[in-house]
Amino acid sequence: MNRFTGISGCVAALLAVALGAFGAHALKDALLETGKTEVWRTAVDYQMWHSLALLLIASLGSGGWLMRASSILFLVGIVFFSGSLYWLALDGPNWLGPITPIGGLAFIVGWLLLAIGFIKTKSKQT
């Protein structure tokens, strides 16, 4: 799982940088015209932060099921939250709007599980 999580974090971070540059250059006029620049930027920001979180989890080694669940939720969040925002910024269908909060909830639960994982790890060491 650590290898998969690490590779996933690297790929997601790479895509965040590429999509950020793509939005800032190739899509700049289109995003400005539709007023969706901030939507695109939010998608990139959340993707990058959660890519870094995946790399943190991968660097911890075997963290048990809480860490694995957290990494899966971060991946789900990137796809649902950031993915739906990218699509909406490109004038995708409005039915994608309700998908965004599902990704946000995945991020929130992922952080909660990660915190619990740290708490349990710390209590085992003392």
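This report describes the fold, surface and charge layout of a predicted model.

## Fold and dimensions

The chain is helical in its assigned secondary structure: 5 helices and 0 strands are found. In sequence order the pattern reads α-α-α-α-α. Helix α1 covers residues 2-24.

Along the principal axes, the C-alpha atoms fill a box of roughly 55 × 25 × 20 Å.

## Burial and contacts

The chain has 126 residues, and 37% of them count as buried. Among contacts with a separation of 6 or more, 74% are between residues 24 or more positions apart.

## Exposed surface

Part of the surface is a nonpolar patch of about 360 Å², made by I7, V11, L14 and L15. One of these residues, L14, lies in helix α1. Is L14 buried or exposed? L14 has a relative accessibility of 56%, and the cut-off for exposed is over 50%, so L14 counts as exposed.

The side chains of the chain include 8 positive and 5 negative ones.

Notes:
Residues are numbered from 1 along each chain as its sequence is written. This is a predicted model: local features need pLDDT of at least 70, side-chain atom pairs count only at pLDDT 80 or more; totals for chains, interfaces and linings use all residues. Side-chain values use heavy atoms; hydrogens and water are left out. Helices (H or I, at least four residues) and strands (E, at least two) are DSSP runs, numbered from the N terminus. Buried means under 20% relative accessible area, exposed over 50%, partly exposed in between (1.4 Å probe, protein chains only). Contact means heavy atoms within 4.5 Å. Lys and Arg count as positive and Asp and Glu as negative; His and the chain ends are not counted. The place of a charge is taken as NZ of Lys, CZ of Arg, CG of Asp or CD of Glu. Patches are made of residues with over 30% relative accessible area and no salt bridge: like charges are joined within 9 Å, nonpolar side chains (Val, Leu, Ile, Met, Phe, Trp, Tyr) within 5 Å. Accessible areas come from the Shrake-Rupley method with a 1.4 Å probe; for residues, only the protein chains shown count as cover. A salt bridge is a side-chain nitrogen of Lys or Arg within 4 Å of a carboxyl oxygen of Asp or Glu.
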